Amino acid sequence: NMLVHYRKDYQKIAMGLLSLLPELRDEQRFNDELNWALTAGDSVYLWKDQEDNHFIAVVILKVGDDYVLLRRLSFTPSERSGHNVYALLTAIHEQYPDRRLMGTLDTQPLITSWGKANE
């Protein structure tokens, strides 16, 4: 799988993936979320499945000096397996090896279980 940095021509894909999050589905908040993240200078990545070359996830990261905060993570429903989530978290960790991966109330449980699996 591949972590691909967001580009303007991926906007529809990124918004489609964000719209799968229950807390963003109403009133098109996923549109605001993406625009807010880009305006705030957050890092937005898409996650590509190498087998069929489709984007299967979007992630929004707040990158600090010594941490990476996983703000949003959304997978297509068919790809929400633990294996895919862990592979994505590992790729983020490899992208920012000198920073601690942290989560929000929503994303911390995933990071905690990923961390235990990688001990």
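Is glutamate 33 buried or exposed? Glutamate 33 counts as buried, at 8% relative accessibility, where buried means under 20% relative accessible area, exposed means over 50%, and partly exposed lies in between, with a 1.4 Å probe and protein chains only. The model is predicted, so local features need pLDDT of at least 70 and side-chain atom pairs count only at pLDDT 80 or more, whereas totals for chains, interfaces and linings use all residues. Residues are numbered from 1 along each chain as its sequence is written, and side-chain values use heavy atoms, with hydrogens and water left out.

Glutamate 33 has a charged partner. Its side chain meets that of arginine 72 in a salt bridge, 3.0 Å from N to O; a salt bridge here is a side-chain nitrogen of Lys or Arg within 4 Å of a carboxyl oxygen of Asp or Glu. The two residues are 39 apart and link distant parts of the chain, with arginine 72 in strand E4 (residues 67-75) and glutamate 33 in helix H3 (residues 29-40). Helices (H or I, at least four residues) and strands (E, at least two) are DSSP runs numbered from the N terminus. Arginine 72 also counts as buried, at 12% relative accessibility. Both residues belong to a network of salt bridges that links Glu23, Glu33, Asp42, Lys62, Arg71 and Arg72.

Helix H3 itself comes next. H3 has 12 residues and reaches 16 Å from its first C-alpha to its last, close to the 16 Å expected at 1.5 Å a residue; the expected span is 1.5 Å times one less than the number of residues. The buried residues of H3 are Phe30, Glu33, Leu34 and Ala37. Viewed down the helix axis, these buried residues fall within an arc of 95°, so they line one face of H3; the arc is that of the directions from the helix axis to the C-beta atoms. Among the elements that cover them are helix H1 (11-18), helix H2 (22-25), strand E2 (43-48), strand E3 (55-63) and E4. Just after H3, glycine 41 takes a positive phi of about 80°.

The loop between H1 and H2 contains serine 19. Leaving aside residues up to four places away in sequence, serine 19 touches Arg25 and Phe30, contact meaning heavy atoms within 4.5 Å. The side chain of serine 19 also reaches the backbone oxygen of glycine 16 at 2.6 Å.

Which residues form the aromatic pair? The structure holds 1 such pair. Tyrosine 10 and phenylalanine 55 form it, edge-to-face, at 5.0 Å centre to centre and with 65° between the planes. Rings of Phe, Tyr and Trp (its six-membered ring) pair if their centres lie within 6.5 Å, and planes under 30 degrees apart count as stacked, over 60 as edge-to-face and the rest as tilted. Tyrosine 10 lies in the loop between strand E1 (2-5) and H1, and phenylalanine 55 in strand E3, so the pair ties together parts that are 45 residues apart in sequence. Both tyrosine 10 and phenylalanine 55 are buried.

The whole structure has 7 salt bridges. One of them joins arginine 7 to aspartate 9, with the closest N and O atoms 2.8 Å apart. Arginine 7 is partly exposed at 43%, and aspartate 9 is exposed at 54%. Another salt bridge joins arginine 99 and aspartate 98, at 3.7 Å from N to O. Here arginine 99 is partly exposed at 23%, and aspartate 98 is exposed at 58%.

Note on methods:
A polar contact is a pair of N or O atoms within 3.5 Å; within protein, one must be able to donate a hydrogen and the other to accept it, and residues adjacent in sequence count only if both atoms are side-chain atoms.
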